[in-house]
Amino acid sequence: MAAEAKSRRSNKPALPPLVVNYDGSLLAGVDEVGRGPLVGSVVAAAVILDPSVPISGLNDSKALSAKRREALDGQIREHALAYHVAEASPEEIDRLNIYHATHLAMRRAIDGLAPAPEYLLVDGNRLPGHHVPGQAVVKGDARHPAIAAASILAKVARDAAMLALDERYPDYGFARHKGYPTPEHLAALERFGPLAEHRRSFAPVKRQLALF
């Protein structure tokens with residue numbers, strides 16, 4: 001069984017080589033975390049790595065343990081040329097929709113970089129509408145270290161926000177499910193009702209708001 005699973009993984013098509021149309025040192029990786037949860041902000045990060053100080057082990061934040069993410073988060077903050085973490089609030093998500101709110105958070109992260117970037121590599125298939133040129137990179141957090149670094153900063157920041165929310169509202173289980181629509185979260189919504197931090201435009205929350 002294990003050999004068959006390994007064979008299936010090895011048969012997955014490899015990602016094509018990433019060709020970056022920029023060869024300077026002010027390249028920013030950009031990524032977001034938190035599009036799917038029912039609660040809290042969507043968080044984006046932008047990172048300009050220092051080419052002279054490589055950081056080993058950078059990868060898609062979802063492929064790393066929490067302990068490893070936190071260790072890399074510290075290294076990125078210490079060694080990057082620039083980094084910035086930004087967000088779009090639940091209210092902005094409800095007003096703009098999650099797609100546009102995600103791009104708003106990304107633009108805020110990019111704007112917070114000093115020095116300013118000259119080129120962007122953005123995880124996904126769309127650029128966020130920033131004036132700095134760049135390219136969208138599908139599965140970019142597994143294909144370029146700057147995007148991986150951004151995914152790690154965003155993930156660590158959003159998880160910390162969920163832990164803080166869990167301390168305020170322990171009945172909802174935010175420390176475990178991080179706001180995603182798990183059976184535990186949906187059951188808490190049904191029992192206790194939505195919080196101010198919930199995204200009112202998301203269907204499970206909207207349904208419960210109609211009942212409370």
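Axes are lines fitted to C-alpha atoms, for helices over the stretch in contact, and angles between N-to-C directions run from 0 to 180 degrees. The structure is a predicted model, in which local features need pLDDT of at least 70 and side-chain atom pairs count only at pLDDT 80 or more, while totals for chains, interfaces and linings use all residues. Residues are numbered from 1 along each chain as its sequence is written, and side-chain values use heavy atoms, with hydrogens and water left out. Helices (H or I, at least four residues) and strands (E, at least two) are DSSP runs numbered from the N terminus.

Helix α2 (residues 66–79) packs against helix α5 (residues 145–168) at an angle of about 115 degrees, and the two axes lie 9 Å apart. This crossing of α2 and α5 is left-handed, a term that applies if the near helix is turned anticlockwise from the far one by less than a right angle. Contact (heavy atoms within 4.5 Å) is made by R69, E70, L72, D73, I76 and R77 of α2 and by A149, I152, L153, K155, V156 and D159 of α5. Six nonpolar and six charged residues form the contact of α2 with α5, with no polar residues; Ala, Val, Leu, Ile, Met, Phe, Trp, Tyr, Cys and Pro count as nonpolar, Asp, Glu, Lys and Arg as charged, and the others, Gly among them, as polar.

Strand β1 (residues 27–33) is mostly covered, with seven of its seven residues buried, that is, under 20% relative accessible area (1.4 Å probe, protein chains only). L27, G29, D31 and V33 point one way from β1, whereas A28, V30 and E32 point the other way. Strands are taken to pair if DSSP finds at least two bridges between them. β1 runs parallel to strand β4 (residues 119–123), to which four bridges join it, and V30 stands opposite V122 of β4. With strand β2 (residues 42–48), β1 pairs in the antiparallel sense over five bridges; V33 has V43 of β2 as its bridge partner.

The buried residues of helix α4 include I98, L104, M106, A109 and I110. Among the elements covering the buried residues of α4 are β1, β2, β3 (82–88), α3 (90–96) and β4. A109, in helix α4, counts as buried because its relative accessibility is 0%. Leaving aside neighbours within four places in sequence, A109 is in contact with A44, A45, A46, H84 and A86. A109 and A46 are 63 residues apart in sequence, yet 5.4 Å apart in space, C-alpha to C-alpha.

Note on methods
Buried < 20%, exposed > 50% of the residue type's maximum accessible area, 1.4 Å probe, protein only.
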